[in-house]
Amino acid sequence: MLYQSTRGDNTKIKASEAITRGLSKDGGLYVPESFPSVSLEKLSELVTKPYSERSAYIMGLFLDEFSETQLNGFTSAAYNETGFTSSDIAPLYEINKNTHFLELWHGPTSAFKDMALQVMPHLLVSSLQRTNAKNQNVCVLVATSGDTGKAALEGFCDISGIKIMVFYPKDGVSEVQKLQMTSQRGDNVGVTAVEGNFDDTQTGVKEIFSDKELAKKLDDKGFFLSSANSINWGRLVPQIAYYVSAYCDLVKSGKIKIGEKINFCVPTGNFGNILAAYYALKIGLPINKLICASNRNDVLTQFITTGAYDKNRAFYTTMSPSMDILVSSNLERLLYELSDKDGAVVSSYMSSLAGSGRYDVPAPVLRGLQNMFASGYCSEEDTKKTIADTWENDKYLIDTHTAVACKVMQDYRKNTGDDTLSVIVSTASPFKFCESVLDALGVKTDVSGAKLIDVLSEHTGVSAPARLLGLKTAKPRFSGFIKQDEMKSAALEFLGG
Ligand SMILES: *Cc1c(COP(=O)(O)O)cnc(C)c1O
């Protein structure tokens with residue numbers, strides 16, 4: 001299987017090259033030139049398999065360069081030996097006959113990013129062995145608004161030949177997220193706070209990536225730069241697996257018959273997670289609707305409803321920060337499929353977005369979009385209310401991101417009458433966002449920092465993930481902060497002066 005850019009450069013490359021390069025030279029994202037398919041017979045076979053084998057099989061369909069043994073090695077290292085707290089890895093939780101939550105936060109950092117970032121380092125190292133003629137070391141640079149940074153640090157920690165440096169906005173992450181990062185173990189990691197907001201941090205990292213002089217200096221030191229964000233194919237492909245796995249679990253427990261269609265509702269930011277669901281549909285997973293849930297930054301709802309993508313709008317900081325995004329990068333990959341793989345058309349949308357901040361898709365593309373996707377958004381007030389109601393009525397504790405999806409799912413049902421069995425994708429442990437969840441439950445407290453975890457636990461009787469409890473005694477290794485224009489020298493210093 002070969003990969004090509006979404007923007008019209010028709011050079012076809014192998015998966016290992018797509019994974020090491022990240023972004024195509026023409027600025028596009030790498031996509032598979034065609035899609036494999038999974039028969040219902042094969043799905044039935046997967047029903048009896050554990051998560052790691054289901055995952056290795058699905059990844060193998062797209063990564064045929066890697067052997068089955070190799071991929072099974074990667075997924076068993078990622079999912080069976082790294083402290084996933086549920087042996088099901090990605091278990092379903094039923095709140096009523098028609099509604100299940102897919103819990104993707106049992107990994108080491110308690111957010112769904114672990115599902116991909118525990119596997120991706122293995123894919124990257126192995127891809128490098130195939131493509132890296134000079135035998136260089138890799139420096140992974142990450143700008144994070146919280147969840148990605150910690151998941152990447154855990155995934156790449158103490159992997160030989162790799163160094164990882166994470167930049168986060170000094171005042172832009174939750175207390176738990178900050179402690180998680182500053183107390184990170186490992187000899188190959190660096191963590192630095194940057195003055196300003198997430199955009200400032202991200203701009204700083206982008207500047208490092210586009211600095212040719214710096215690239216030359218790093219090259220001389222035997223390093224080349226790589227990124228771990230969700231535009232990399234190596235991060236996307238492991239995510240397809242948990243949709244297939246959830247389906248298998250529903251068949252296994254007799255909730256559905258094989259072949260029966262279900263819905264997924266996904267709390268969406270950069271469009272990586274829901275794109276993986278769309279790819280699952282493309283390879284033949286029986287899916288009726290994909291419901292795209294946004295918070296108050298509802299640019300995607302507007303797009304799916306009207307066909308106009310317009311980022312000229314107010315940006316809101318919400319209690320579901322991982323979804324505070326106005327440009328959803330991975331949408332480009334969907335546009336490519338909906339435009340019959342016409343890179344020139346996608347390229348024109350993207351230059352229009354870069355120029356005027358907006359593009360409009362024609363009626364046939366919009367119809368294709370609406371055929372598969374529904375959408376909705378959830379206000380801050382409704383996010384709180386949904387956390388409180390779900391706790392009150394179902395004794396099930398959800399985080400702020402999951403609450404957005406839960407509300408959008410309820411609205412979708414009300415508006416359409418569609419009562420297809422639906423899976424709400426749950427993307428973070430509620431204990432990662434204690435301040436907001438306690439506030440939603442009406443609990444007042446003077447406590448701050450990691451102690452909030454105990455307050456939430458005592459109030460609900462729900463126990464917190466052990467790794468988060470450990471933060472109460474964690475010693476920060478990284479302190480202080482720098483200015484945006486000091487990021488380059490900080491990166492150089494990190495790599496040995
Ligand atoms: C990253 C993240 C999201 C958004 O996922 P995308 O793939 O960017 O759409 C939602 N919830 C949580 C908790 C996240 O960390």
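Two strands are said to pair if DSSP finds at least two bridges between them, and strands themselves are DSSP runs (E, at least two residues), numbered from the N terminus, as are helices (H or I, at least four residues). By this rule, strand 7 (residues 162–169) and strand 8 (residues 189–194) pair in the parallel sense over 6 bridges. The structure is a predicted model, in which local features need pLDDT of at least 70 and side-chain atom pairs count only at pLDDT 80 or more, while totals for chains, interfaces and linings use all residues. Residues are numbered from 1 along each chain as its sequence is written, and side-chain values use heavy atoms, with hydrogens and water left out.

- An open sheet is formed by 5 strands in the order 9-6-7-8-16, and their pairing is parallel.
- Strand 9 (223–227) and strand 16 (481–482) stand at the edges of this sheet with a single partner strand each, so one side of each is left without a neighbour in the sheet.
- Elsewhere, strand 10 (residues 262–267) pairs with strand 11 in the parallel sense over 5 bridges, and proline 267 stands opposite alanine 293 in strand 11.
- Strand 11 (residues 287–294) is largely enclosed by the rest of the structure, because 7 of its 8 residues are buried (under 20% relative accessible area, with a 1.4 Å probe and protein chains only; exposed means over 50%, and partly exposed lies in between).

**Helix 3**

- The 12 residues of helix 3 (residues 51–62) should span 16 Å at 1.5 Å a residue, and its end C-alpha atoms are 17 Å apart, which agrees; the expected span is 1.5 Å times one less than the number of residues.
- Helix 3 is mostly covered, with 9 of its 12 residues buried, among them Tyr51, Arg54, Ile58 and Phe62.

**The ligand and its surroundings**

- Of the 15 residues around the ligand (each with a heavy atom within 4 Å of it), Lys113, Asp147, Gly269, Asn270 and Thr427 come nearest.
- The residues of this shell divide into 5 nonpolar, 8 polar and 2 charged.
- An N or O atom in the side chain of aspartate 147 is 2.6 Å from an oxygen atom of the ligand, and a backbone N or O atom of asparagine 273 lies 2.9 Å from an oxygen atom of the ligand.
- For threonine 427, an N or O atom in the side chain is 2.8 Å from a nitrogen atom of the ligand.

Methods: A polar contact is a pair of N or O atoms within 3.5 Å; within protein, one must be able to donate a hydrogen and the other to accept it, and residues adjacent in sequence count only if both atoms are side-chain atoms. Ala, Val, Leu, Ile, Met, Phe, Trp, Tyr, Cys and Pro count as nonpolar, Asp, Glu, Lys and Arg as charged, and the others, Gly among them, as polar.
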